[in-house]
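We will stop at a few places, and at each one you will pick something and look around.

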Amino acid sequence: FRNFDVEESHQCSLDWLMLGPAAPPRQEAFRLCGSAIPPAFISARDHVWIFFHSDASSSGQAQGFRLSYIRGKLGQASCQSDEFRCDNGKCLPGPWQCNTVDECGDGSDEGNCSAPASEPPGSLCPGGTFPCSGARSTRCLPAERRCDGTQDCGDGSDEAGCPDLACGRRLGNFYGSFASPDLFGAARGPSDLHCTWLVDTQDPRRVLLQLELRLGYDDYVQVYEGLGERGDRLLQTLSYRSNHRPVSLEAAQGRLTVAYHARARSAGHGFNATYQVKGYCLPWEQPCGSSSEGDMSDVGEQGCFSEPQRCDGWWHCASGRDEQGCPACPPDQYPCEGGSGLCYTSADRCNNQKSCPDGADEKNCFSCQPGTFHCGTNLCIFETWRCDGQEDCQDGSDEHGCLAAVPRKVITAALIGSLVCGLLLVIALGCAFKLYSLRSQEYRAFETQMTRLEAEFVRREAPPSYGQLIAQGLIPPVEDFPVYSASQVSAREHATPQAPGSRLDLRECLRWGA
């Protein structure tokens, strides 16, 4: 087994791993649980079966197991060049020799080992977890179970070196650490929480305060310069917007005040803080600058880093000294976070183009590559995004100090609207021209059906009737001019026409023509 962490219970009744069939003297299959690495399992036959069970009532906090296996026969006369031959003639992979585990079955692979048995390296645990430091233990705990008041590791290493969780205190050393009472606890009760810490380093130089925040929505931390909560000396008010990133503040004269305000039943977990006189590193830290501690000549290299922060993929120094010369990367390259084994060059650092899968090369940027803008949250964006009306930095610093800013969303909406309006205008003009063309065709069709003489005749006004001429006095009246009546119309319809060649009296013509 390389890793083994199965939730421990009475007689392994909840989660357990069963192996079989076993070699003598363990003839029957057996259950395994806990976090101690089990001994090597040697099957009595040419096969082995593995059965893993996890109960629904288990906490689900265990990390599981990882193992490797090999199929070999006893009594082998020789082995491959990369294998180790046991005294019983069994062949094992070379790395299995002197690994504190008896894979041969007769102990010959662990005999004559020059190096003593060593504990598994801490790198076996994934990022964001806490490894128990007990011998032969590879148990990895979630970070939330660190310093929670309950010993989850067998040796209690998860509760060792915990910060001060008192609600307010006066601190007088030139360095130290403290945390809010709810840092590792569950959700708060029905009352609000107000705590105040007074830091007095007894040193006239500036004091550096570093905080890691896990605040709730309505929680906040206020940092004041000097001792006491005075509004005119307020340095900064921190809220949940600053979570998940380190926050650094400085105060003059080596004095500052930290006030924590948390609402009832808040889902946040407060903060963790360390302080120190600027220019000095803590006893367990190394200076970022190459000069000795306390040298103030290089202000940009006054940072510090601890051994766990060495080669972890996060730049704690502006020069990247804590990430230089890492064994997993070639010279002049820096590792990505998470132990992925990937590396990047200094030219790929802070250029707003991710070279690491987790974007470690774009985090905590002290400076940016040419053509990019440095955000107040130590991130880099393209210079063209500066003052474009849209906040690309988390703190909105790319839009500060701009003379005029029109949001990109407004510009995009205006362009789309103008295109739509232009399209509608083209459609409207097309419809108008089409209607005009159809109307013109109708007029031309009507005009081509008549000759010019017919068109003039149609436009000519009809002449007045004989009665209208008489009424207007244009012609003298005719004697015995009949008066229009319906009976005359009927008599005219029954009149007999004249014979051919007969003469018709003018009066008769006028009477009938009228």
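In β17, which residue is the bridge partner of valine 221? Select both strands and you will find tyrosine 260. Before going further, note that this is a predicted model, in which local features need pLDDT of at least 70, side-chain atom pairs count only at pLDDT 80 or more, and totals for chains, interfaces and linings use all residues. Residues are numbered from 1 along each chain as its sequence is written, and side-chain values use heavy atoms, with hydrogens and water left out.

**Stop 1: strand β17**

Select residues 255–262, which form β17. Strands here are DSSP runs of E with at least two residues, numbered from the N terminus, and two of them pair if DSSP finds at least two bridges between them. Of the 8 residues in β17, 7 are buried, so the strand is largely enclosed by the rest of the structure; buried means under 20% relative accessible area with a 1.4 Å probe, protein chains only.

**Stop 2: a sheet of 4 strands**

Move on to the open sheet ordered β11-β18-β13-β16, with antiparallel pairing. Colour β11 (175–179) and β16 (247–251): these are the edges, each with a single partner strand, so one side of each has no neighbour in the sheet. Then select β13 (residues 207–213) and β18 (residues 271–277), which pair over 7 bridges. Leucine 208 sits opposite glutamine 276 of β18.

**Stop 3: tyrosine 344**

Pick tyrosine 344 in strand β22 (residues 343–345). Tyrosine 344 is buried, with a relative accessible area of 2%. Show the side chain of tryptophan 315 too: the two side chains make a polar contact at 3.2 Å (a pair of N or O atoms within 3.5 Å; within protein, one must be able to donate a hydrogen and the other to accept it, and residues adjacent in sequence count only if both atoms are side-chain atoms).

**Stop 4: aspartate 322**

Finally, select aspartate 322, in the loop between β20 (304–306) and β21 (333–335). A polar atom of its side chain lies 3.4 Å from the backbone nitrogen of cysteine 317. Leaving out residues up to four places away in sequence, aspartate 322 touches several others, including Phe305, Trp314 and His316, where contact means heavy atoms within 4.5 Å.

Notes. Buried < 20%, exposed > 50% of the residue type's maximum accessible area, 1.4 Å probe, protein only.
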